[in-house]
Amino acid sequence: MNICDSIERIRPIGKVTCSIFHGVQVLPKKKRLIKSGFVPLPDEYWVLIKKEEAQKLILQSICYHLEDDEKILEESKVFELISSFVESFSDESRFVTNFDGSFECISHSYLDIAVVIENSKGVLGLICIEDSH
């Protein structure tokens, strides 16, 4: 089982999509989101965040219900897994999120939080946490 499989299975409710891309799989954000079955939000809905902020956002989104912030999983159970995922990307990678206060979703759920990891060639990884699908 790879790291993304583990991340996708750990959250007891909703849906988690996690992917890492290499070589020809690295595509520009719009193309990668469409190919992965997501809605390609316009650039103005994406917010640049630091690597540490991305790790914290992913951890909180997996461990807490997105709508009412109710705890659904202990952070200690997933901290190492999320840390390993985020640290697998170089410091030159950019982390962007759709969590900008507008509640624009990339999934077909009523609420999601996504983090996309990219470089100058395209998307290297993505994670999307949905409360329902």
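Is Cys-105 buried or exposed? In this predicted model, Cys-105 has a relative accessible area of 14% and is therefore buried. Cys-105 takes part in no disulfide, and the nearest cysteine sulfur, which belongs to Cys-128, lies 7.8 Å away. Cys-128 is likewise in no disulfide, and with a relative accessible area of 0% this residue, too, is classed as buried.

The structure contains 1 disulfide, which is formed between Cys-4 and Cys-18 with an S to S distance of 2.4 Å. The two partners are 14 residues apart and connect distant parts of the chain, Cys-4 being located in helix α1 (residues 3-10) and Cys-18 in strand β1 (residues 15-20). The torsion about the S-S bond of this pair is about -50 degrees, and the disulfide is therefore left-handed. Cys-4 is buried at 6% relative accessibility, and Cys-18 is buried with a relative accessible area of 4%.

Charged side chains were examined next. Side chains of opposite charge can pair when their charged atoms come close. The count of salt bridges comes to 7, among them the contact between Lys-29 and Glu-118, with an N to O distance of 3.7 Å. Because Lys-29 lies in helix α2 (residues 29-35) and Glu-118 in strand β4 (residues 112-119), this pair ties together parts of the chain that are 89 residues apart in sequence. Lys-29 is buried, with a relative accessible area of 13%, and Glu-118 is buried as well, with a value of 8%.

Glu-118 also forms a salt bridge with Arg-94, for which the N to O distance is 3.0 Å. Arg-94 is placed in strand β3 (residues 94-97) and Glu-118 in strand β4, so that this second pair ties together parts 24 residues apart in sequence. In contrast to the buried Glu-118, Arg-94 is partly exposed, with a relative accessible area of 39%. Through salt bridges that share partners, Lys-29, Asp-43, Arg-94 and Glu-118 are joined into one network.

A further salt bridge is found between the side chains of Lys-71 and Glu-74, at 3.5 Å from N to O.

Definitions and conventions:
Residues are numbered from 1 along each chain as its sequence is written. This is a predicted model: local features need pLDDT of at least 70, side-chain atom pairs count only at pLDDT 80 or more; totals for chains, interfaces and linings use all residues. Side-chain values use heavy atoms; hydrogens and water are left out. A disulfide is a pair of cysteine sulfur atoms within 2.5 Å. Helices (H or I, at least four residues) and strands (E, at least two) are DSSP runs, numbered from the N terminus. Buried means under 20% relative accessible area, exposed over 50%, partly exposed in between (1.4 Å probe, protein chains only). A salt bridge is a side-chain nitrogen of Lys or Arg within 4 Å of a carboxyl oxygen of Asp or Glu.
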